[in-house]
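Please read it alongside the structure shown here.

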Amino acid sequence: MSHTRSLVDDAEDTDDVSPRRPSRESFSKVRVRFDSDGEECVGWLYRPDRPENPPVVVMAPGFGAERTFGYPLVAERLAEHGYAVLLFDYRHFGDSEGEPRNLVSPSRQVADWREAVAAARDFDDVDGSTVVLWGYSFAGGHALSVAAEDPRISAVVAIAPFVDGRAALKSNGIKYSLKAVALGLRDKLQSLVLGPYTVPIVGDPDEFAVINEPGAKAGVFDLVPTGSDWDNECPARSLLALPGYRPATTAEDIRCPTLLVGGTDDDVVSLSTIESVADSVPDVTYLRLQSDHFGYIDDQFEECLSHQLAFLDANL
């Protein structure tokens, strides 16, 4: 397993010039690479200008997203506050390797998280013994899954975490479920000869998409940076893995302090599923915000971030 890093600051960034972004004088950013099952994952490592050996937060995108989709703002604000951050793309996404593109495989993505944690523990000039997992939406479920199997994780921040694929599929109704299975099987067969059969990642409520709750399409597209070559599609086989992906079932094994944040107006991730996890995690701080699924990185960003920083400062 190899963990490499560039020797100069990475100038690549989003076009977001929001006043919410801190001065680059408060942190540095370098491109990093690490291996995951023989393929390369690429990310950025943010280092604050103080302290000398900061705790490190591992962070990755939500369902079908890339690391440029609003996540740099979170990483920069954490770095400004004194935390190192490893923000990476899963295999099949962004700058990372892996074919077909945009394949969402929970098992592969969790494996990428494991390797990212291993890389974070090996980086110079960070406190590799203090690793925090930060995840939003689908990545929040991954953070909980990894923490449940790794007792050395120091803390978890899970924002609107996807915790029960079976419950999510059931809420979409039987017609959606049957179509999802049919298209997933079509993709698996077609990919043997013609390449993948894809479905939209996000769509409007009258469209078939992996995520088609009200406001989801606009919410995601608002995060895609100008000039991105991201495609709003993924191989349909991605749908087949969702019912069996249930981070909620292992939440009771998490032994580190855990912050769970849910939104009262969230149509994408049910508040009741998050509350069920909050009842299972032994050392949990549970926060309900009046927010939809995208308010955490929009209207409710500052409030949500302040709670995250207070939680981390109190538990690390």
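The largest cavity holds about 170 Å³ of space. The model is a predicted one, in which local features need pLDDT of at least 70 and side-chain atom pairs pLDDT 80 or more, while totals for chains, interfaces and linings use all residues. Residues are numbered from 1 along each chain as its sequence is written, and side-chain values use heavy atoms, with hydrogens and water left out.

**Cavities**

- Two cavities of 30 Å³ or more are present; a cavity is a set of points on a 1 Å grid over the protein atoms alone where a 1.4 Å probe fits but cannot get out, and lining residues have an atom within 4 Å of a point.
- Grid points are joined across faces, edges and corners, and a volume is the space filled by probe spheres set on the points.
- The largest cavity is lined by 15 residues, of which Phe 63, Tyr 136, Ser 137, Val 220 and Phe 294 are the closest to its centre.
- Its lining has 12 nonpolar, three polar and no charged residues; Ala, Val, Leu, Ile, Met, Phe, Trp, Tyr, Cys and Pro count as nonpolar, Asp, Glu, Lys and Arg as charged, and the others, Gly among them, as polar.
- The second largest cavity has a volume of about 70 Å³, and Tyr 136 is among the residues that line it.

**Salt bridges**

- There are 16 salt bridges in the structure, each a side-chain nitrogen of Lys or Arg within 4 Å of a carboxyl oxygen of Asp or Glu.
- Glu 76 pairs with Arg 21, with closest N and O atoms 2.4 Å apart; Glu 76 is in helix H1 (71-80) and Arg 21 in the loop between strands S1 (3-9) and S2 (27-36), 55 residues apart.
- Both Glu 76 and Arg 21 are buried, that is, under 20% relative accessible area, where exposed is over 50% and partly exposed lies in between (1.4 Å probe, protein chains only).
- Asp 89 and Arg 67 form a salt bridge at 2.6 Å between the closest N and O atoms, and both residues are buried.
- Arg 31, Arg 67, Asp 89 and Asp 95 are linked in a salt-bridge network.

**Annotated region**

- UniProt, in an unreviewed entry, places "domain: AB hydrolase-1" at residues 57-300; its positions follow the numbering used here, feature names are shortened, and annotations may be inferred rather than shown by experiment.
- Residues 57-300 are 32% helix and 16% strand.

Definitions and conventions: Helix = DSSP H or I, 4+ residues; strand = E, 2+ residues; numbered from the N terminus. 1 Å grid on protein atoms, 1.4 Å probe; cavity = no way out; pocket = protein on both sides within 12 Å on 5 of 7 lines; lining within 4 Å.
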